[in-house]
Amino acid sequence: MQKNIQKYFALFALPTLIAFGISFVVPFVLGVYLSFTEFTTVTNAKWVGFSNYTKVFSDQDFLNALWFTLKFTVISVLSINIFAFLLALLLTRGIRGTNLYRTVFFMPNLIGGIVLGYIWQLILNGILFKFDVTLTFSPTYGFWGLIILTNWQLIGYMMVIYIAGLQNVPKDLIEAAKIDGATRFGILKNVTMPLVMPSITICLFLTLSNSFKLFDSNLALTAGAPSKQTTMLALDIYNTFYGKAGWEGVGQAKAVIFFVMVALIVLVQLLITRRKEVEG
Amino acid sequence: MEQSLETKRGNAVISLLLLLLAVLFLAPILIVLMNSFKGRFFISDTPFQFPTAETFVGLDNYTSGVAKIGFFNAFGLSVFITVTSVAVIVLFTSMTAWYITRVKTKFTNLLYYIFVFSMIVPFQMVMFTMTKTANTLYLDNPIGIVLIYLGFGSGLSVFLFSGFVKSIPLEIEEAVMIDGYNPVQSFFKVVLPLLKPIAITVAILNVMWIWNDYLLPLLVIGSEYQTIPIAIQYLKGGYGSIDIGAMMAMLVLAIVPIIIFYLFCQRYIIEGVVAGAVKG
């Protein structure tokens with residue numbers, strides 16, 4: 001049968017492979033190469049070795065963006081997952097209206113980052129107006145603005161994944177623990193949590209990569225103001241490419257570093273939580 | 001089982017808490033809706049006040065916003081790109097996933113891992129080189145961008161389809177091929193109908209991504225064509241020149257189609273998102 005299917009390679013695999021090659025494979029390889037060159041268009045690249053990379057690490061904008069992104073990622077991942085898990089616990093108790101609440105909490109996830117940014121710009125500026133300041137008055141406001149925005153966007157999404165995980169926990173297991181005299185917190189910690197570990201793995205993965213790669217809402221909410229202090233990595237890379245003539249090579253080097261960081265963070269997280277799943 | 005008085009009371013408190021949270025979750029959208037009917041000078045400072053006889057401007061913001069950004073053109077373009085790209089992605093990546101799962105060679109195995117690898121690569125890594133490649137190959141138009149989306153969406157889609165194909169017993173396909181079906185017939189008449197549940201998941205995840213996508217269409221076709229997110233960002237214009245009344249109206253028009261889509265297919269959307277996450 002395999003031989004038979006193989007004859008149809010051109011029909012089944014080729015269209016996807018051509019598109020994949022054009023929009024991913026070629027640009028990826030070219031991108032790695034260009035990070036070692038100086039260029040303005042792809043065709044005039046000149047090999048410069050690691051000099052783009054050394055420039056990246058002495059670029060204060062990049063270091064600021066890196067620090068801001070790391071802080072942001074830690075706080076948003078923790079807050080989103082804690083709130084989402086608590087909501088999921090509340091919504092798996094068979095309370096009336098559960099489906100309606102689920103619908104409402106999930107809804108913000110369908111709204112795109114640009115639109116989200118302007119919605120929250122209106123609301124946060126409206127609140128801050130009472131204190132005679134605006135969102136771009138201090139980077140602290142922009143930081144917490146982005147935290148609130150991503151929480152609003154992603155809590156419902158993670159919540160539905162946690163609900164699916166919680167519904168898979170066998171009821172008799174919890175009853176048995178109750179009969180054995182376990183406390184509510186004890187059941188949560190020793191019975192429920194280990195069993196929903198796969199959901200935790202997924203939600204951590206999704207929130208980590210979403211937070212670390214945030215671009216659209218960052219651009220719409222503050223666009224990095226005041227004076228680039230709320231610029232995250234993705235936006236900094238964009239600004240380097242399209243806002244600083246002659247820095248394309250440095251921009252590409254930043255992009256490669258960004259990719260390596262995303263890959264490392266995600267892989268380490270998957271390794272750690274997957275191991276917990278096996279132990280649990 | 002009879003509920004104790006204590007759990008009943010507990011549930012009442014939780015219901016109240018959930019109701020409060022639901023209002024909090026809906027408030028941002030309702031506030032934008034309310035402000036879209038107010039004159040532009042009465043929005044930034046007092047976004048939480050209802051329109052009064054003095055501040056109410058009817059549909060003025062809508063008419064001026066629609067004219068300013070050519071909203072209906074942007075809407076048409078967003079619908080065209082999203083629908084076409086998603087249809088193309090579902091069709092071609094399901095074929096490719098079936099091919100590389102059923103034909104077991106070193107080459108197809110390598111392809112599978114490259115597809116999986118592409119899922120963790122952030123857009124910024126290939127942003128510049130992909131845009132240049134698209135320009136060079138004359139793909140910088142609404143038709144060409146469909147090919148770009150097929151390439152960019154193929155990682156996740158092939159991965160999800162492959163996981164599902166593995167769970168389909170080989171015997172079914174072997175039986176129909178013995179009956180004289182060629183691979184094309186057996187894929188379209190037998191396999192594809194079985195893939196329906198995962199095809200819905202793939203379609204929904206890609207709709208949510210492409211409909212809201214900002215940076216990719218901006219870079220590839222943004223100089224000539226505007227999708228909704230691009231048009232909204234464009235409305236912000238230069239420094240401080242923003243017509244916030246028109247902005248509110250356009251935010252409402254951007255959100256309404258998604259919410260209608262969501263309310264009609266919410267069961268599929270939530271289940272699809274959970275299935276996509278659990279498989280991923």
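Reply: One caution before the values. This is a predicted model, in which local features need pLDDT of at least 70 and side-chain atom pairs count only at pLDDT 80 or more, while totals for chains, interfaces and linings use all residues. Residues are numbered from 1 along each chain as its sequence is written, and chains are lettered from A and ligands numbered from 1 in the order in which they are written.

Me: How do you know how far to trust chain B?

Reply: By pLDDT, the predictor's confidence in each residue, from 0 to 100. Chain B has a mean of 91, and 96% of its residues reach 70 or more. For the complex, the predictor gives an ipTM of 0.91 and a pTM of 0.92. Where pLDDT is low, the predicted coordinates should not be read in detail.

Me: What counts as a helix or a strand, and how many does each chain have?

Reply: Both are DSSP runs numbered from the N terminus: helices are H or I with at least four residues, strands are E with at least two. Chain B has 12 helices and zero strands. Its pattern along the sequence is α-α-α-α-α-α-α-α-α-α-α-α. Chain A has 14 helices and two strands.

Me: Why is A:Asp132 called exposed?

Reply: Count C-beta atoms, placed from the backbone, within 10 Å of the residue's own: 20 or more others make it buried, 12 or fewer exposed, anything in between partly exposed. A:Asp132 has 7 such neighbours, so it is exposed. It sits in the loop between helix 7 (113–129) and helix 8 (139–167) of chain A.

Me: Why is A:Ser227 exposed?

Reply: A:Ser227 has 10 other C-beta atoms within 10 Å, so it counts as exposed. Its phi is also positive, near 35°, and it is not glycine. A:Ser227 lies in the loop between helix 12 and helix 13 of chain A. A:Pro226 is found in that loop too, between helix 12 (216–221) and helix 13 (233–243). The peptide bond from A:Ala225 to A:Pro226 is cis, with omega near -5°.

Me: Why is A:Pro194 called partly exposed?

Reply: A:Pro194 has 14 C-beta neighbours inside 10 Å, so it is partly exposed. A:Pro194 belongs to helix 10 (residues 184–195) of chain A. A:Pro194 and A:Glu277 are 83 residues apart in sequence, yet 6.9 Å apart in space, C-alpha to C-alpha.

Me: What share of each chain is buried?

Reply: In chain B, 43% of the 280 residues count as buried. In chain A, buried residues make up 44% of 280.

Me: What makes two residues a contact, and how many residues meet across the chains?

Reply: Their C-beta atoms, placed from the backbone, must lie within 7 Å. On that count, 71 residues of chain A are in contact with 70 residues of chain B. Helix 3 (residues 14–34) of chain A supplies the largest share of chain A's side, 13 residues. Within chain B, 74% of contacts between residues at least 6 apart in sequence join residues at least 24 apart.

Me: What makes a set of residues a nonpolar core?

Reply: The members are buried Ala, Val, Leu, Ile, Met, Phe, Trp, Tyr and Cys residues joined through C-beta atoms within 7 Å. The largest such core has 156 residues, and B:Met250 and B:Leu251 touch the most other members. Helix 12 (residues 244–279) of chain B gives the most to this core, with 17 residues.

Me: Which residues does B:Leu251 touch?

Reply: Leaving out residues up to four places away in sequence, B:Leu251 touches A:Val115, A:Tyr118, A:Ile119 and B:Val32.
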